[in-house]
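Here's a quick briefing on how the side chains pack in this protein. Have a look at the model first, then go through the points below.

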Amino acid sequence: MDHTFQVDLRGVVDLLSHHLYGSPRVYVRELLQNAVDAITARRSTEPDAPALVRIETPETTGDGTLRVHDTGIGLTEAQVHELLATIGRSSKRDELGFSRHEFLGQFGIGLLSCFLVADEIQVFTRNGDHPTVRWTGYADGRYAVSLAPPEASRAEPGTTVTLVPRRDADQWFATPTVTDLARLFGSLLPVTVRVGDVVTTTGKPPWPTVPGAPVDRAALVAYARETLGIDPFDVLPLSVPEAGLTGVAFILPTPVNPAARAGHRVYLKRMLLTENADGLLPDWAFFAHCVVDASELRPTASREALYEDTLLTTTREALGDQVRGWLVRLARHDPHRLAEFLQVHHLGVKALALHDDEMFQLVDRWWPMDTNVGTLTLAEFRERYGVLRYAASLDEFRQLAAVAAAQDLAVVNGGYTYDTELIERLPAVDRSVLIERLEPSDLTTRFDALDPQVEMALRPFLAAAQRAVERSGCEVVIRAYEPVSLPALYLVSRSAAFNDQLAASRDRADELWGGVLDALAATAPPDRPQLVLNHRNPLVRRVTALADPELVGLAVEALYGQALLLGHHPIRAADAALLNDSFLGLLGRAVPGQGRA
């Protein structure tokens, strides 16, 4: 034997309030939606019928209730049973003509959301010449249908919905709250909505609703200031005909976090869906805030977000193409303006350039990068120097910039976000481009070797210098290089840096992971950082001539410390101890004591 599910309406209302809808405020949207659908249905056969939604708050009604009057098509008694007392079934709604394209509602939930704020709902509705029908629904699931008494009958077709508020929901019925919510959800509706004497609808959207129509930029900027609280960098009209979408993208005037998902203001058939729609634009376009109206995109069941389907994916791609096209046009026709934009939102453009050739060419030509010969774009750098040499991290660039410039080597700083990835993408976009990552150890091949006799004479000094810094794990070498003013240079290759990180991790690891790291260390190439002393520097030559081994050690330790600091290298505990010893030792030699009293 088959049985019918029993539905606890209070439980359903609790489910809606806590899991489907984000806030009880949606009850105003649902009332407006039903009213607009009813007006649309009536005007399909009576084009000259009035289009008015009038809301009376408890301050006006005087009995603590809220009433919403519309001039829509109204319902017969049979339709009341089908539309107002059925939860989640839309077949009869479809048969009665309320599922057509021009209507807002789609889910058959109807007035159920009003139970978020009301214990009782009364509906007085009249269809054509039919008598006025009264429907009364209660939060416990009961409802009653009857003909309205003569004193409550409507003189014209339409519907009046009366809400009797719950004890804990009075704040949602206050006149300022209802006015604000009616303006928020329904400001663009094609009907007149009035709360008391205040009209909350403003008419058509401020953006062009026909593709290619003239754009009133001043009006859109004023709209952005009033609605979004921003003074946009630029205004970009949007249009996706297959989604029935028109709108505008406001380019944000200040930097934003690329990781933060931008929320967009989305209307469906002129009714506000959400102020924080996610996924309308590609992730890279985080610098744009959209306000759009669409007729074909699908809302979720709560009508507070967009449903992720093929059409939304296609729309997102189309909007991304339009934002990208705006950037390309800016590059072609207003490069100064583009430079201003890039200063604010370069991260988004560079992120797009990693995957888009057109955007990559824009970055290649227009984005200024830091180099050791000044600020240049990648295109300018290649035109001047041919091979594009780069340092892959900010620390490497700081180590190499001055010394490389002295060796007539131009180097690009690839240490900022996406810069190295963009440089390494160059050969894939243009096969004629040559790039070369500059290793710290590569510089030593450009330094001049000493005369053999001089190098032989310096062996005792090098041995003493090596003993002084042995505990730091580096190797001391001496070369001749520019600039003369630089006495010492600390160079760390990638393999040496890896070995240092491995050793530091081994010191912190437990026994199990320590064994794994020991195994890795056994296979790592034996490479040590180098302290390269500059024989052309007068101070270094004076240090090499010292006869006192202890003083040689202190001087070399001091040069080691200075090289670490100038190269922006991290100072380890052993390095700090060495610097302290050299400082105190040299100070003690400079200021000899007189013995203790």
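**Aromatics and cores at a glance**

One aromatic cluster is made up of F233, W284, F286, F287, W326 and F341. Keep in mind that this is a predicted model: local features need pLDDT of at least 70, side-chain atom pairs count only at pLDDT 80 or more, and totals for chains, interfaces and linings use all residues. Residues are numbered from 1 along each chain as its sequence is written, and side-chain values use heavy atoms, with hydrogens and water left out.

**Aromatic pairs**
- The structure has 12 aromatic pairs (Phe, Tyr or Trp rings, taking the six-membered ring of Trp, with centres within 6.5 Å).
- One of them is W284 with F287, a tilted pair at 6.2 Å centre to centre and 45 degrees between the planes (under 30 degrees counts as stacked, over 60 as edge-to-face, the rest as tilted).
- Both W284 and F287 are buried (under 20% relative accessible area with a 1.4 Å probe, protein chains only).

**Charges over rings**
- R142 lies over the face of Y138, 4.3 Å from the ring centre (the cut-offs are NZ of Lys or CZ of Arg within 6 Å of the centre and within 35 degrees of the ring normal).
- R425 has its charged end over the ring of F360, at 5.2 Å from the centre.

**Nonpolar cores**
- The largest nonpolar core has 57 residues, and Y27, L31, I55, L66, I121, L163 and F250 touch the most other members (a core is a set of buried Ala, Val, Leu, Ile, Met, Phe, Trp, Tyr and Cys residues joined through side-chain atoms within 4.5 Å).
- Another core, of 56 residues, lies apart from it and includes L281, V328, V412 and L422.

How values were computed. Buried < 20%, exposed > 50% of the residue type's maximum accessible area, 1.4 Å probe, protein only.
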